[in-house]
Amino acid sequence: MEYISLGHMERAPLVYSLAMIEFAPVPRMDDFSESIMEALRSDYPDIDDFNTPSLKIEVDSATGETKAEHRIVTQWRMNNTEGDFGLVFGKERLVFHTTTYKTFEKFAEKIKPVIETLFSIASIKFTKNIGIRHIDNIVPIDGYAIRDLIKSGFLCPQQTELISDSSRVEFVYRSSIGNLFLRCYELEDHPKVPQDLFPVASQLSPSYSLMQPIKQKFVLVDTDHIHIPEKLEPVENVDNIIDTLDKLHKQNSLGFRSMVEDQAIEIWRKDK
């Protein structure tokens, strides 16, 4: 399927978008963090530490014994004044996230100067995995049920005497530049994002309530496309990173379209 932009859909079910750039570890990121935050503070003044638990497991090749080490990973988060667009960075990655994603072009305009600033101050020369991820919440609309909007292969099969409380369907595809994950969850009384995103999603303004449960039954669609190079890639210029994200975004979009019915796209195009 050839990619053609759908443009901004007024009633699109998209609620949360992320872009991730992993880079070669920066052991002294603690030393650079204040300079990075100072350089970005005018656009992202809501600043705080973002500490997450990490479990490191090592296996002794000689004895086979495993050693587990619990660590706290320190990262830093910065949000704009509205609390609808922010970034999180640490020693090995930079993540952007937003609840107001409109088009990739506008998204790229916002993230490019941040990447340039962080990479310059921390002297980042090599990248690893790069990814883009979108979370959609699909609910009944205009008299159409969920099964009218999403293709049956992504939903739990209906049973005569059984009622489905929840389901999870996942397909993994190999693309020309990485792996594309298409996930579909049937949920009820659940936050708007999948569980693995709870820590980072909670860093945006509470007023956007990504963590507030949706009481009715809905479908959470999670499309995730990751560029996984065989070795570290040199950073020739930031435009190359943006180009990679654009390619990931386009295949991600096509993946989402393959999950929903054509009439769903037309419904979401309509004015509110």
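Q: How many aromatic pairs does the count come to?
A: In this predicted model, the count comes to eight aromatic pairs. One of them is formed by F171 and Y173, whose ring centres are 6.5 Å apart and whose planes make an angle of 25 degrees.

Q: Why is the pair of F171 and Y173 called stacked?
A: Rings pair if their centres lie within 6.5 Å, and planes under 30 degrees apart count as stacked. With 6.5 Å centre to centre and 25 degrees between the planes, F171 and Y173 therefore form a stacked pair.

Q: Are F171 and Y173 buried or exposed, or in between?
A: Buried means under 20% relative accessible area and exposed means over 50%, with partly exposed in between. F171 has 31% relative accessibility and so counts as partly exposed, and Y173, with a relative accessible area of 40%, is partly exposed.

Q: Which residues do ring pairs link into a cluster, and what lies over the face of F85?
A: Ring pairs link Y44, F85, Y101 and F107 into a cluster. K110 lies over the face of F85, at 4.2 Å from the ring centre, and the distance limit for a charge over a ring is 6 Å.

Q: How do you know that the span of helix α2 agrees with its number of residues?
A: Helix α2 covers residues 104-121, and its 18 residues at 1.5 Å a residue should span 26 Å; its end C-alpha atoms are 26 Å apart, so the two values agree.

Q: Which residues of α2 are buried, and what covers them?
A: The buried residues of α2 are F104, F107, A108, I111, V114, I115, L118 and F119. What covers them includes β1, α1, β4, β5, β6 and α5.

Q: Why is V95 called buried?
A: V95, which is found in strand β5, has 12% relative accessibility, and because buried means under 20%, V95 counts as buried. Leaving aside residues up to four places away in sequence, V95 touches L18, A19, M20, G86, L87 and V88.

Q: What makes β4 mostly covered, and which way do its residues point?
A: Five of the five residues of β4 are buried. F85, L87 and F89 point one way, whereas G86 and V88 point the other way. In a regular strand the side chains alternate between the two faces of the sheet.

Q: How do β4 and β5 pair?
A: β4 and β5 pair in the antiparallel sense over five bridges, where at least two are needed. The bridge partner of L87 in β5 is F96, and the two strands form a hairpin with three residues between them.

Q: Why is L254 called buried?
A: L254, in helix α5, has a relative accessible area of 8%, and because the limit is under 20%, L254 is buried.

Q: What is the phi of D142 and of D189, and where do these residues lie?
A: Most residues other than glycine have a negative phi. D142, which is not a glycine, has a positive phi of about 55 degrees and is found in the loop between β6 and α3. D189, also not a glycine, has a positive phi of about 55 degrees and lies in strand β8. At 43% relative accessibility D142 counts as partly exposed, and D189 counts as partly exposed at 42%.

Technical notes. Residues numbered from 1 in each chain as written. Predicted model: local features only at pLDDT ≥ 70, side-chain atom pairs only at ≥ 80, totals over all residues. Heavy atoms only, no water. Helix = DSSP H or I, 4+ residues; strand = E, 2+ residues; numbered from the N terminus. Buried < 20%, exposed > 50% of the residue type's maximum accessible area, 1.4 Å probe, protein only. Contact = heavy atoms within 4.5 Å. Expected span 1.5 Å × (residues − 1). Phe/Tyr/Trp six-rings, centres within 6.5 Å; stacked < 30°, edge-to-face > 60°. Lys NZ or Arg CZ within 6 Å of the ring centre and 35° of its normal.
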